[in-house]
Every structure is written in C-alpha cells, then in structure tokens.
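Have the structure open as you read.

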Amino acid sequence: PKPNPYPTTHDEKKKKPSPARPFTLDIPQRMGGGSSSSFNLSSLFRSLGAFKKVISLASSLHDSHTLFSSTHHPGNPNPHTLTMQHQRRLTIPFPTLSLSFIKAVKTAANVTINDVLLSVTAGAIRRYCLLMGDPLFSAEDANKADNDADKSNATNSSSSNSTKKEEVRVRALIPVAFPRPMVDTASPANSLRNLWSFVSAPLPINPPTPLARLKLCNQDLTRLKQSPLAYIQLWMQNNVLCGLPDSMQQQAAMDVFSRHTLVFSNMPGPQEPLIFCQQQLLGLHIVFPNLLPQIIILSYAGGIFGNINLNPDMFPATKEENIEEMLPKLFMQELQELANSLEVDTSHMLHKENHW
C-alpha cells in the first residue's frame, strides 16, 4: 500500500482525549482583536442579549419590500418568500477602485475601509430605489442637506414622533471570519477550510446624504464589533444547528435569508502582484451565486475589485439603461459625492489596472 500522504489526520485520532472541562466563554473586547476580558456580569448580560438575537433572527421582521428586494417580483405570490426555482444569474463588476483613494476617504472620515464600502453600497441601493420611483422612498429626502439632517429636534420631539415616516428596513448578512487553531492550519485535510459566522447588519439606507450614511454605518458596525453576537452565532451553528435534521437546517437558513436584502463580504487580498502561468495577474474577482444578491469586494495589488451577483430578472431598469449599467454608475456617484463632502481628491479614484 502507498504511504499515507496526510499522516497528521491519523495522528490526531490517536491522541488521548482531553479531560472534560466545564463550558466557559471568553469574549474578546473587540471582534477585530485586542485583549480578552474575563467573563464578568456585564459580559453575561451582553451574551444573553446576543443569544436572544441569534435564536430570533429566523423569525425577525422582514426587510422592507423595496424595489431592490429579491422577493419583489410580479411572479412571486408571497412578497416575503425567496423562490428556489432555477434562476438566471448575472455578475456585474464595479469599476476597479484605488485602494489608496479609499484609504484617503476613510482617514478623512475617521472610519474603516469596510465602513466606506458598505455605506457606499447602501447609498447605491438608495439611489437605485429613488431612480426607479420606489414608493418607500421620497424624492425630497434625497435633496436634504447635511445641516437639515443634523438639526436638533429637541423642541419638536413630541410632535414629530407622531408624524415621523417609518424608516425603510434594509439589512445585509455579513460573514465574520475567526482565527483557526494551529492544529487545523497544519493539517492538509483541514487547512483550506474557513471558520466564520454570519451577522445581520443594518444598511444605512435612510439618511439623506452620503456622509450621514457613512456616519451611521460606522456607528452600527462599531456596535456589532463590540458585541459577542458573531461568537454566539458561531457557537450556535457549531453546537446546535449542526445537530438538527437537514430539513430544519435548510428551513432555518431559508428563513434567515428571506428576511435580508443582500449578502456583503469585503476581504483583504495580497498586495504584491501574483504570477500565474508566468503571467502577472492584473486583477481578481470572487463570484458567488447566492439566494440573495451577493456583493464580494477584494483588495489586491493596490486595487479594490468588487462585483455583485444577482438575478437581473428580479430588478427593474430604465428604458435607457439596464441593471448592468445602472448599479456601477450609482455606486460611483455615491462614492464621488462622499469624497467631495470630505474634500478628498477624486482624480485618482480608479486603479491603474481598471480593465473590468
């Protein structure tokens, strides 16, 4: 017999089982790293709140039925149900952005790169809905200035609360990656696996200006980073959901997806150019057909490569442009206006290898 090329996977089985230990939970102060804190009373209440959100996500309120919703289709009898029928898929690439430009925007606003990209995505969706005459959006909201959004409503709070228009609810499922133990990364059989969980993040769709949307996005994502939500979700899917029958797992996934508008992922890639078949790779795109519109953004060699994969039949378009032309243009309009409001030079918005 041939020698086993992966002895580590068999060696691991020979190890003596570790003694049983009581269940403990050690929650880092920040999802992005930092020192760990002991499991005190405050952490207990935060964890219980996160646990409640995780188990109720599949029964939470549905996102608003906007024109960008995947369930918004004349042939769909239930506006809150995703269809599992075979659908056409289209990948729409965005213009390749300069990573240095996005860094300049995030530095000027004192936020993160992910904040910028997610808020610009939300702004592009809002612009699409306004352009298509979505009844959930008001055209006059788009013309409000920053100072109107920042006006104090202390004296009018009692009267405005009764007449305030209900806010549009749009959320994204965002995968959060976790570091893996060395035993997994050292094993050829396990090294290509991921360790991640989904978190539900609100999109700043309601503020009237790009800068206001960015500020709200930063607040929402900072709150998520400081919560144990992603850790609780990871524990649930690895210890509870995986033990359910397949039909219940599938139903839970469908219930969660049908309540959201899109899936959004942004990840850092190698900044040194890669060589493939003795040729330099000019760009990289990750394409993932999903039940919901899927946006994946990857930074590589000084550029930011992003695209959205969706069913074009689900999204109405104008007579002059199709959805493939509209979304990249609206994305760039939002980014341009955001940069102008922060007085960031837009002459180097695009990457030198903008071939997409």
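A salt bridge here means a side-chain nitrogen of Lys or Arg within 4 Å of a carboxyl oxygen of Asp or Glu. This is a predicted model, where local features need pLDDT of at least 70, side-chain atom pairs count only at pLDDT 80 or more, and totals for chains, interfaces and linings use all residues. Residues are numbered from 1 along each chain as its sequence is written, and side-chain values use heavy atoms, leaving out hydrogens and water.

The structure holds 8 salt bridges, including these:

| Pair | Closest N to O |
|---|---|
| D313 and R88 | 2.9 Å |
| R169 and D63 | 3.9 Å |

D63 sits in the loop between α2 and β3 and R171 in strand β5, so this pair ties together parts 108 residues apart in sequence. (Helices are DSSP runs of H or I with at least four residues, strands are E runs of at least two, and both are numbered from the N terminus.) Both D63 and R171 are buried, while R169 is partly exposed at 31%. Buried means under 20% relative accessible area, exposed over 50%, and partly exposed in between, with a 1.4 Å probe and protein chains only.

There's also a salt-bridge network linking R127, R213, E334 and E337. Two of its members, R213 in α8 and E334 in α11, are among the residues where those helices meet; contact means heavy atoms within 4.5 Å.
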